[in-house]
Amino acid sequence: MKKRSTFAAVALLLGTTMNPALAQEKIKIGVILTLSGPAAALGQQVRDGFALAVKDLGGKMGGRDVEVIVADDELKPDAAVTKVKGLLERDKVDFVVGPIFSNILQAIHRPVTESKVFLISPNAGPSTYAGKDCNPFFYVTSYQNDQVHEILGKVAQDRGYKRMYLMVPNYQAGKDSVAGFKLDYKGEIVEESYMPLNTLDFQPELSKISSQKPDALFTFMPGGLGVNLVKQYRQAGLADTIPVLSAFTVDESTLPAQQDAAVGMFGGANWAPNLDNPLNKKFVAAYEAAYNGVPGTYAFQAYDAAMLIDSAVKAVKGDLSNKDAVAAALKKADFTSLRGAFKFNTNGYPIQDFYLTKVAKRPDGKFQTEIVQKVFENYGDRYAKDCKPAN
């Protein structure tokens with residue numbers, strides 16, 4: 001009788017830990033990224049960082065096997081909507097991770113969240129969902145778009161740059177970048193230039209910069225835009241006379257193509273490969289061994305996105321049927337981030353530290369960004385005050 005009671009207790013304990021039926025069902029995660037065209041390197045970093053995290057988790061989250069389905073949004077909003085609807089309706093995913101660009105996020109946000117599927121952004125963090133339009137099905141493991149640019153505005157102000165030239169792409173994230181830069185910068189803006197997303201030739205702008213002689217250039221040019229701009233900027237002889245304060249222009253996704261042309265240029269970030277903590281050192285070494293490249297913010301934020309999902313699945317013991325419980329578990333963010341201190345604000349965007357970085361060439365010949373100074377500590381975005389969470 002005693003043995004039977006013991007077995008019953010063990011069975012009951014196991015039943016509360018994991019429903020056997022749930023244990024046999026895979027957790028499906030749709031990952032939608034830009035994986036073709038000039039910006040493909042950014043999406044590849046997210047894909048690889050997420051894959052490395054799933055590998056480190058043994059292919060399981062909360063005791064359930066994980067299936068990752070990857071889709072290329074082609075950097076086209078219409079294509080992204082079609083792809084994400086396939087993930088939702090055909091593949092029946094439990095989570096959607098992505099995208100890279102804010103215009104793609106704005107296209108897929110409604111289809112995903114209205115389906116009551118959790119959308120985790122490992123990069124795009126537009127202001128549009130950080131305030132009154134915040135959503136309990138939307139979480140960001142990167143930043144609110146303005147914040148990284150705020151770093152450069154504060155640095156420009158603190159360094160006494162009186163005249164600045166601003167050059168960004170003409171889409172939501174570009175507009176957010178200018179808004180962010182202007183928060184702390186109070187000097188003169190000699191030019192505010194919005195460039196088409198398909199710009200390849202920056203010579204007309206470089207001629208303006210050369211003639212106007214600003215104290216520094218602030219620019220946000222991700223992916224292939226940044227590769228072309230930096231090479232042309234260096235070739236024009238401007239790099240040695242007019243400093244570059246940039247965001248997502250010189251980073252680990254673009255440095256393999258920019259190489260020496262980018263050395264010495266500044267950036268703003270929430271992380272860098274040389275961030276000194278044991279978990280981050282392990283991640284950087286594992287990523288370089290697996291993919292023969294230096295990880296950037298895209299990769300680390302994707303790694304954190306996978307660990308965030310894992311923490312939520314564990315918290316609800318693998319049962320994703322109670323959406324409120326999953327949302328509460330995601331908001332708790334009960335995992336150790338590669339960046340160190342991290343927690344969610346009321347709007348599902350992080351509260352975290354931000355740094356000024358500088359491009360350096362390593363002894364092994366590879367290029368990376370390195371931390372110069374901490375600019376903001378435990379910093380939450382300015383839109384969160386307008387978010388009234390539904391739960």
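Across the interface of domain 1 and domain 2, the rule finds 1 salt bridge, a term for a side-chain nitrogen of Lys or Arg within 4 Å of a carboxyl oxygen of Asp or Glu. Arginine 362 forms a salt bridge with glutamate 288, and their closest N and O atoms are 2.9 Å apart. Keep in mind that this is a predicted model, where local features need pLDDT of at least 70 and side-chain atom pairs count only at pLDDT 80 or more, while totals for chains, interfaces and linings use all residues. Residues are numbered from 1 along each chain as its sequence is written, and side-chain values use heavy atoms, with hydrogens and water left out.

**Two domains and where they touch**

Let's look at the two domains, whose bounds come from an automatic or database domain assignment.

| Domain | Residues |
|---|---|
| Domain 1 | 27-143 + 276-348 |
| Domain 2 | 146-269 + 356-379 |

The C-alpha centres of domain 1 and domain 2 are 26 Å apart. In contact (heavy atoms within 4.5 Å) are 20 residues of domain 1 and 20 residues of domain 2. The size of an interface is often given as the accessible area lost when the parts come together. Between domain 1 and domain 2, about 1600 Å² is buried, and carbon and sulfur atoms give 60% of that area; the value is the accessible area (1.4 Å probe) that two parts lose on being put together, summed over both. On the domain 1 side, Tyr143, Val294 and Tyr298 lose the most area to domain 2, together 30% of what that side buries.

Polar contacts can be counted here too: a pair of N or O atoms within 3.5 Å, where, within protein, one must be able to donate a hydrogen and the other to accept it, and residues adjacent in sequence count only if both atoms are side-chain atoms. Between the domains there are 4 residue pairs in polar contact, both residues at pLDDT 80 or more. Helix H3 (40-56), helix H5 (102-114) and H12 are the elements that give two or more residues to the side of domain 1 that touches domain 2.

**A closer look at two helices**

Helices are DSSP runs (H or I, at least four residues), numbered from the N terminus. In helix H3 sits aspartate 48, which is buried at a relative accessible area of 13%, buried being under 20% (1.4 Å probe, protein chains only). Its side chain makes a polar contact with the side chain of arginine 47 (3.1 Å). Leaving aside residues up to four places away in sequence, aspartate 48 touches Tyr287 and Tyr291.

Helix H12 covers residues 297-315. Because 17 of its 19 residues are buried, H12 is largely enclosed by the rest of the structure. Just after H12, lysine 317 takes a positive phi of about 55 degrees.

Terms used:
Expected span 1.5 Å × (residues − 1). Buried < 20%, exposed > 50% of the residue type's maximum accessible area, 1.4 Å probe, protein only.
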